[in-house]
Amino acid sequence: MSRPIISVEGLGKSYLVGHETAHRERYTALRDVVGRHVRNFGRKALDMMRGRQIIQGDDVEEFWALRDVSFEVNEGEVVGIIGRNGAGKSTLLKILSRITEPTTGRVTLRGRVASLLEVGTGFHPELTGRENIFLNGAILGMTRGEIKRKFDEIVGFAEVERFLDTPVKRYSSGMYVRLAFAVAAHLEPEILVVDEVLAVGDAQFQKKCLGKMQDVAQGGRTVLFVSHNMAAVSTLCSRALVLVRGRLEQSCDTSTAIASFLESLKQDAQNDLASRSDIKGTRAFELERIVCLSADGAEGAVASGEEARIRISYRRSDHFDSAANLILAIRDSFGRPVAAMNTRFTSALVDLPREGVIECVTPSLPLVAGFYSIDAYVYLKGTHSSGGDLAFHLADAAQIHVLPSDKVPASRLQDAANAGVMALDQIWTQADKAACVS
Amino acid sequence: MNAHELVLEPGRSEKNYWRDLWRYRELFQVLARRDVSVRYKQTVIGVAWAVIRPFLTMLVFTVVFGKVAKLPSEGAAPYALMVFAGMLPWTFFSTALSDASNSLVANANLISKVYFPRLIVPTATVVVALVDFLISFAILVLMMAWYRFAPDWKIVFLPLLVLLAFLASLGPSLWITALNVKYRDFRYVIPFIVQLGLYVSPVGFSSSVIPPQWRLLYSLNPVVGVIDGFRWCILGESAMYWPGFAASLSVTAFFLWFGIRQFRKMERSFADLI
């Protein structure tokens, strides 16, 4: 038994973040503004003198993006990393790929690492496809000989043969992404670190990328893979790490990890949303909870094509009796917006009390099975389109787990990209040929 | 398998940093080539810009300092030739400094997404400035032919002086680049330094017009040594002021050491700051 190829012990990473206290004050006096600016200037000048970094904002707070994370990965393992936005997944990958330094703890890597945190890093729009292949390859750590050897393979994978000598700024966005992924896909390090890169390109190409990832995974290389796409994680990975607010919650086989991740999402939904740290807006109107209910009252999970009920509890602190404009934007697991619910279309929600519950019912949820997340927006004194004030915005405010139903059975992962996101009510018949001619 | 063992810890300066730098030499080439080939894309006269800018400044300086102020040239060398011999290293220095200081911020997407020794980015920019320098060097050769001015044996030192100009530009560039990532104020300071430096350094005039008691102090400007050296080797007329040259050399060496040290120190936090 050889030693683990990656060992991480007590890893932590802290950032200093600044807050603007200004917008929380109701009235602003010139004296306060001047005072604040003078104080700010004094602090920045002092920081610069001591060689510290400059932070915008009035209060400075230490924020631990990652704390006390320890795990080991053996050679040839494919490990998924899952967690909500801001759980520290990307920070972890950045440390492992040596982009940033840990604040505490240590990492021992016993192999060459290549990281793919973004598709097409360093592509230059003025250069041709051919030049960009060499540029991007060199940036990702390939040698010139290696790139030359794989050149034809890369070009073939990207399907851009005819445009090799065209500057990439003339490429369609699809071609651009294909070329970028193709270069990255032909990396051959001992350890490959991948962040959410499958969410690019058209369905056809995504399928191809998944296939390539599977080849890599089966080729005996060690892979760390971050994704919001649970289907991809469960197909590719044998083991998964669950990160929750910077801490390693679980490290176990993929299905258990995904189940526990979903459970933690459900528990999170019990908490007051207003206590989350990533809220933007004036907060004159706060959402406390957003839950998705099925027809029989089960929380969080709804069957495809069945009734879905989204229940929102809120409180407001403003004194205006105008209506609030509430928007719920639904995104699929690739982060693509698929639908929105907007109170602009109703007149039922005027004169809201200071505290209450709003419900929105869709008689049949037309989404295929999978995981979706909801971003919430509240606008006051006007709607989003008429330039109202943003009172509350929270990304990933709630999750919807859409289950396969009799109407729309689940599709295999490989087909998922082709299935789209819509579950259409469909009636198929054999029409009379004579009837069509008329 | 343990050949590649790598430990990441806070505050650990990597032992194999210089080896890494060597391993990434191809990236260095690629980045430099990218910058060179992108530099004059979608311009009408292209690379001629590298020639026109110093040439026009030389004309202005020759008229202002040579004809209007009637400052002396060095020996029998035509004034225009003397100005251009100083203009070349100065243009190199100022281009290197201003391009390098923006290089990391301009490549922010690379810094925050991929690892490589960060030293490569500003150094590649200085190399690009060197390419411009070599192109405008052709003008100097043409001018010397025009004035029928033949250099003497000292011209063999030219490659050494080009190297000196490179090192003199690299040191301050690295330092300013690192500072610019942390404090973007330097973005506004650089154009000012470059503008002021043009008049503080002996570009439009010979450094022999500086009063002797101030000459050593004046030579603390590293560019003074480089420009004097260029004139000494190309024009071959004036006697070299060696104490001043030695002072310039030591300041250059100090800045090189200091620049690399500061850069290495701040490098680790670049990805967090950018």
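A salt bridge is taken here as a side-chain nitrogen of Lys or Arg within 4 Å of a carboxyl oxygen of Asp or Glu. By this rule, three salt bridges cross the interface of chain B and chain A. The model is a predicted one, in which local features need pLDDT of at least 70 and side-chain atom pairs count only at pLDDT 80 or more, while totals for chains, interfaces and linings use all residues. Residues are numbered from 1 along each chain as its sequence is written, chains are lettered from A in the order in which they are written, and side-chain values use heavy atoms, with hydrogens and water left out.

## Interface of chains A and B

The size of an interface is often given as the accessible area lost when the parts come together. Chain B and chain A bury about 3900 Å² between them, and 57% of this area lies on carbon and sulfur atoms; buried area is the accessible area (1.4 Å probe) lost by two parts on being put together, summed over both. The contact (heavy atoms within 4.5 Å) involves 46 residues from chain A and 39 residues from chain B.

Seven residue pairs are in polar contact across the interface of chain B and chain A, both residues being at pLDDT 80 or more. A polar contact is a pair of N or O atoms within 3.5 Å; within protein, one must be able to donate a hydrogen and the other to accept it, and residues adjacent in sequence count only if both atoms are side-chain atoms. On the side of chain B that touches chain A, strand S1 (5–8), H1, H2, helix H5 (108–111) and helix H12 (270–273) of chain B each supply at least two residues. Helices (H or I, at least four residues) and strands (E, at least two) are DSSP runs, numbered from the N terminus. H2 of chain B gives the most to this side, with eight residues. The side of chain B that touches chain A comprises 17 nonpolar, seven polar and 15 charged residues, where Ala, Val, Leu, Ile, Met, Phe, Trp, Tyr, Cys and Pro count as nonpolar, Asp, Glu, Lys and Arg as charged, and the others, Gly among them, as polar.

## Salt bridges

Over all chains, a search of the whole structure finds 22 salt bridges. The table lists four of them.

| Pair | N to O distance |
|---|---|
| A:Arg98 and B:Asp20 | 3.1 Å |
| A:Glu101 and B:Arg268 | 3.8 Å |
| A:Lys150 and A:Glu188 | 3.4 Å |
| B:Asp99 and B:Arg39 | 3.2 Å |

A:Arg98 forms a salt bridge with B:Asp20. This pair crosses between chains, from A:Arg98 in the loop between helix H2 (89–96) and strand S4 (104–110) of chain A to B:Asp20 in helix H1 (residues 17–23) of chain B. A:Arg98 has a relative accessible area of 16% and is therefore buried; buried means under 20% relative accessible area, exposed over 50%, and partly exposed in between (1.4 Å probe, protein chains only). B:Asp20, at 7% relative accessibility, is buried.

Within chain A, A:Lys150 and A:Glu188 meet in a salt bridge. The pair links distant parts of the chain, 38 residues apart: A:Lys150 is in helix H4 (residues 144–158) of chain A, and A:Glu188 is in the loop between helix H5 (173–185) and strand S6 (191–195) of chain A. A:Lys150 is buried, at 7% relative accessibility.

Within chain B, the side chains of B:Asp99 and B:Arg39 meet in a salt bridge. B:Asp99 lies in helix H4 of chain B and B:Arg39 in helix H2 (residues 25–39) of chain B, so the pair ties together parts that are 60 residues apart in sequence. B:Asp99 is partly exposed at 27% relative accessible area, and B:Arg39 is partly exposed at 26%. Salt bridges that share partners also join A:Arg283, A:Glu286, A:Glu288 and A:Arg315 into one network.

## Nonpolar cores

A nonpolar core is a set of buried Ala, Val, Leu, Ile, Met, Phe, Trp, Tyr and Cys residues joined through side-chain atoms within 4.5 Å. The largest nonpolar core holds 117 residues, of which A:Ile6, B:Phe230 and B:Ile234 touch the most other members. Helix H4 (residues 79–106) of chain B gives the most to this core, with 16 residues. Not counting residues up to four places away in sequence, B:Ile234 touches residues including B:Ala85, B:Phe137, B:Leu140 and B:Met144. A second, separate core of 52 residues includes A:Leu140, A:Phe157, A:Met175 and A:Val242.

## Backbone features

A:Glu159 has a positive phi near 55° although the residue is other than glycine, and A:Glu159 is found in the loop between H4 and H5 of chain A. B:Arg148, also not a glycine, has a positive phi of about 50° and is exposed at 77% relative accessibility.
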